[in-house]
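Okay, thanks for coming, everyone. Let me put today's model on the screen, and then I'll talk you through it.

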Amino acid sequence: MSDILVAARPSGRWWGAALAVAGLAVFGLSVTILAGDGWTQAAAVVAGLAAAYLGLNAAGRALFGGGFDLMFWLCAGWLVLLVGAAVAAPVLPLGEHQDIVRTLGTPGMAVPDLSTSHPLGTNNFGLDQLARVVHGARSSLVVSLGAVAIGMVVGGTVGIAAGYFRRGADAGVGVLTNALLAVPPLILLIALGTVLEPNLRNIAVALSLLAIPSMIRMARASTMAFAQREFVVAAEAIGASRWRIMTRELLPNVLLPLASYGMVMVSVLIVAEASLSFLGLGVQPPAPSWGNMIAEGEENDAFTRYPHIVLVPGITLFLTVFAFNLIGEKARKRWDPRQAKL
Amino acid sequence: MDDSPLLTVEDLSTEIHTSRGPFKAVDGVSFTVRPGEMFGIVGESGSGKSVLGRTVMGLYTSGPTMTVTGKVVLDGTDVHALTAAGRRRLWRSDVGMVFQDPATALNPVKKIGRHLTEGMRGLSRTAARTRAEELLRLVGIPEPRRRLGQYPHELSGGMRQRVVIAIALAGEPSLLIADEPTTALDVTVQKQILDLLGRLQAELGTAIVLISHNLAVVAGRADRVAVMYAGRLAELAPAAALFAGPRHPYTEALLASVPRLADPPHSPLQAIDGAPPDMAAPPPGCRFAPRCRYASDACETSPALVADHGHAYACHHPVSSIGGA
Amino acid sequence: MAGTGTTHLRPGERVLSVEDLVVEFPVGRGRTVHAVSGISFDLLDGETLGILGESGCGKSSAGRAVMQLPPPTAGSVKLNGTELTGLGRSALRDSRRKMQMILQNPVAALNPRRKVADLVAEGPAVWGGKPDRSRIEAALEAVGLDPATVWDRRPHELSGGQCQRVCIARALLLDPRVLICDEPVSSLDVSVQAQILNLLESTRARLGLSMIFIAHDLAVVKNVSDRIMVMYLGKICEVVPSGALAGSALHPYTRLLLASVPDAPQGDAEPENTELPSPMAPPTGCRFRTRCPLATDLCAKEEPNLRQTTDGHHVACHMV
């Protein structure tokens with residue numbers, strides 16, 4: 001049997017690689033040659049990408065074993081690209097993203113065209129869509145990652161304490177989290193948005209209110225699962241103090257499930273931030289954020305005539321949320337204390 | 001007793017595919033079980049005894065997670081040549097299984113009566129209930145009629161295990177496979193379940209394969225005993241011969257390492273060094289060689305199972321030939 | 001006193017003396033599990049006391065209550081004459097060093113995210129002094145582990161037997177006087193159990209430790225113990241010198257345990273009553289009477305007290 005497995009490997013690798021190359025070729029040809037031929041082009045692009053995906057996945061499995069998951073690596077690649085671009089945005093050779101005085105000579109509402117200096121087109125002020133998406137990623141990521149970080153620190157601390165001490169502390173925290181979860185999130189954000197000045201720090205703090213209750217619950221549940229384990233009893237038997245047990249025994253074990261949950265939470269908060277900006281309560285134009293870029297599609301019926309105004313930030317948002325969710329979900333499965341054997 | 005075997009297992013291997021690569025949980029095991037015989041399989045955790053039981057039963061078959069090679073013939077039927085429907089028919093009538101944990105083997109939301117009558121075909125409702133009552137009486141459950149209306153959680157662990165045995169007996173099987181049937185039970189209950197299995201074997205003529213990690217459980221009950229180590233058969237012999245004069249060094253060491261009630265307190269035990277091998281990377285040749293006090297260069301090749309007057313062992317240095325023990 | 005008596009307690013110098021220990025757990029809806037109901041025992045210097053019983057008899061709860069993990073509901077636990085119940089948190093932590101515990105599942109007893117060297121050094125580190133490398137190496141060698149091999153390993157990379165050795169090394173590094181072993185070999189492979197039992201025995205002899213050994217396996221308990229205390233449903237049935245367990249045990253429950261050893265001769269196939277009464281509503285009088293072949297009306301009315309039959313042998317039963 002093992003002979004068959006060994007024999008299967010190289011053939012799977014070559015077959016997969018061939019399929020991937022063929023798929024990419026179809027994709028490339030359909031983009032360049034069939035340009036402009038609506039449905040045919042779309043169908044060829046999708047078919048090419050699907051073939052390339054299946055081929056690469058098969059080749060990857062043959063090379064790296066059955067656990068290889070191409071979707072995971074594509075998502076990770078997208079996030080690395082996005083974060084890299086966002087960090088390096090000021091030094092990248094991008095078009096103008098917010099100063100409309102400098103784009104007076106640029107055509108507005110330019111359609112995406114990879115061969116021009118505005119590959120993803122421009123908006124009605126002639127601002128470059130690619131530059132705006134990248135700079136928008138800066139605010140989206142800063143806000144959502146910041147909010148998750150606040151949520152993890154506050155929620156993790158409170159959750160571990162509640163899960164370890166139980167009794168009074170737990171009851172109090174339970175009432176607090178239930179109360180926070182009972183407030184409709186959008187109403188809470190709108191209320192905060194009208195009171196607070198809409199800068200990145202305040203938006204992050206406001207969004208962290210959405211993350212904290214579920215972070216507390218996650219940390220508390222993990223802590224309770226681990227506090228039952230014998231190694232905590234063993235540490236108590238050695239004479240470890242409660243502080244030491246929480247920081248040395250519980251925290252390292254709770255951190256992993258909490259961090260993987262944080263990944264999923266990032267995607268929720270990116271959407272929340274976009275919703276807030278869409279409503280005009282988040283990042284203020286002309287500074288770009290994915291939410292207010294999508295909102296531009298509303299004005300003057302722009303979306304029906306120039307769909308790229310909405311599609312460019314919309315697809316970016318979709319891909320990012322999808323990637324965070326998929327990676328977070330995978331990490332959660334790996335680290336969930338209820339499933340972990342050891 | 002009829003001499004033609006009820007169950008024939010021939011060169012059976014079960015290879016399990018894991019993310020760390022495939023490993024052979026059961027590696028080339030052959031044995032036969034005669035009708036009405038109590039056949040003991042003894043091994044530690046990871047020895048492959050449970051996988052063997054489930055493969056024999058047809059619960060484990062070749063698929064994406066494992067590969068089964070070799071042959072299991074039960075009463076003339078090749079278990080692994082059957083279709084899924086054929087295997088279900090087999091489980092309904094020819095072979096029953098008793099699992100380790102009676103708490104999880106029963107569905108908590110189904111009454112005992114439904115558990116028992118579900119598998120019965122072609123019987124009227126009242127006939128099925130009468131039959132279920134008979135089965136409960138057979139396994140020594142007091143007030144069987146009342147028990148039919150109860151849920152599993154209303155019964156103690158020992159009673160639940162009796163119900164599991166009754167379910168396994170519903171199709172009047174010729175073979176019962178009991179995988180660690182007493183491990184999850186208390187000491188005082190364990191003995192009663194074992195005695196019950198012995199009584200069923202004697203009264204109904206059901207052949208029983210009794211799988212356990214505990215030598216004492218099969219001692220005095222099994223007619224023949226197979227000792228497994230790291231996926232392979234180390235020794236297979238009539239129980240009396242095995243316990244009186246083990247030929248495989250592993251069996252010998254295992255018997256010597258267990259404390260006995262008859263010994264005085266604080267008597268030192270003869271421990272076996274090391275731990276059972278990691279099955280993902282088992283030692284070449286004899287799997288027990290790294291822990292064996294008789295091991296030599298010859299042990300780098302796998303010893304074949306050889307029979308000596310019905311006492312089979314797989315060892316280059318069988319115990320009595322060295323004059324040890 | 002309606003307990004199970006104290007005639008088996010001995011006068012004079014004792015490392016540990018436990019009197020009238022009661023452990024109860026609330027389980028909601030106003031119900032209480034009576035895990036341990038007023039037991040007493042003592043431990044001499046260098047002695048091993050075996051506690052024998054089935055699951056639910058309260059043997060583990062008793063062991064943990066001695067460690068004050070959690071503290072008992074009532075009763076007194078004296079270690080070298082110091083009363084432990086009611087001690088403040090820091091004094092209690094200090095006293096725990098003198099008693100160490102070996103748990104049933106050694107893999108679970110070790111934090112999965114830490115390395116062997118850190119795990120063994122944890123005891124002294126808790127008390128402010130991280131031990132130097134040579135001390136940790138010596139502790140690992142003393143329990144039969146090769147320091148160079150296991151130093152950087154994590155618990156899941158070790159076998160169950162090796163994990164139990166790490167637990168023992170960690171406990172010993174605190175220099176305890178009393179070792180409480182709660183089913184230390186029952187989760188280990190049969191071929192590894194003897195290694196750990198021999199290690200515990202040689203360690204005890206070498207360091208002159210006193211030991212409480214809790215288990216359900218008669219032969220194992222007999223092998224390591226000097227005296228054996230048999231428990232049933234939170235009470236003591238019998239205290240017997242371990243050499244006399246197999247031959248002269250008197251209590252009907254101890255005799256049932258002896259008859260239940262799997263390789264004992266096949267008994268009466270008809271099941272006797274094996275239903276363990278609920279620990280939330282234990283029977284009146286003698287708790288074993290619902291399963292006892294000798295039970296009379298007296299057993300339902302009056303709880304038997306421990307009384308001495310021969311030297312060092314005490315039994316709590318009206319009928320023997």
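Quick definition before we start: when I say helix or strand, I mean DSSP runs numbered from the N terminus, with helices being H or I over at least four residues and strands being E over at least two. With that in hand, look at residues 16-258 of chain C: that span is 37% helix and 26% strand, and its end C-alpha atoms lie 29 Å apart. In an unreviewed UniProt entry, this stretch of chain C carries the annotation "domain: ABC transporter". For UniProt features, positions are in the numbering used here, names are shortened, and annotations may be inferred rather than shown by experiment.

Some housekeeping. This is a predicted model, so to speak of local features we need pLDDT of at least 70, side-chain atom pairs count only at pLDDT 80 or more, and totals for chains, interfaces and linings use all residues. Residues are numbered from 1 along each chain as its sequence is written, while chains are lettered from A and ligands numbered from 1 in the order in which they are written.

Now chain A. The unreviewed UniProt entry lists several transmembrane regions in chain A, including 39-58 and 172-196. Residues 39-58 of chain A come out as 100% helix and 0% strand, with 28 Å between the end C-alpha atoms. For residues 172-196 of chain A the figures are 88% helix, 0% strand and 28 Å end to end, again between C-alpha atoms. As for domains, whose bounds come from an automatic or database domain assignment, chain A has domain 1 (1-68) and domain 2 (129-335).

On to chain B. How many helices and strands does chain B have? Twelve helices and twelve strands. Its radius of gyration is 21 Å, close to the 20 Å that the globule rule gives for 325 residues, so chain B is as compact as a globular protein of that length. That radius is taken over C-alpha atoms, and the rule is 2.2 Å times the number of residues to the power 0.38. Along the principal axes, the C-alpha atoms of chain B fill a box of roughly 65 × 50 × 45 Å.

Here's a sheet to zoom in on. Four strands of chain B make an open antiparallel sheet, in the order β2-β1-β4-β5; pairing here needs at least two DSSP bridges between two strands. At the edges sit β2 (21-33) and β5 (77-78) of chain B, each pairing on one side only. Between β1 (residues 7-18) and β4 (residues 66-74) of chain B there are eight bridges. Among the partners, S13(B) bridges to T69(B) and T8(B) to V73(B). β4(B) and β5(B) are joined by two bridges, with L74(B) partnered to T77(B). Their hairpin has two residues between the strands, and D75(B) takes a positive phi near 55° there.

Last stop, the contact between chains C and B. Residues count as in contact if their C-beta atoms, placed from the backbone, lie within 7 Å. Chain C puts in 39 residues and chain B 41. Which element gives the most to the chain C side? That's α7(C), with eight residues.

Key:
Contact = placed C-beta atoms within 7 Å.
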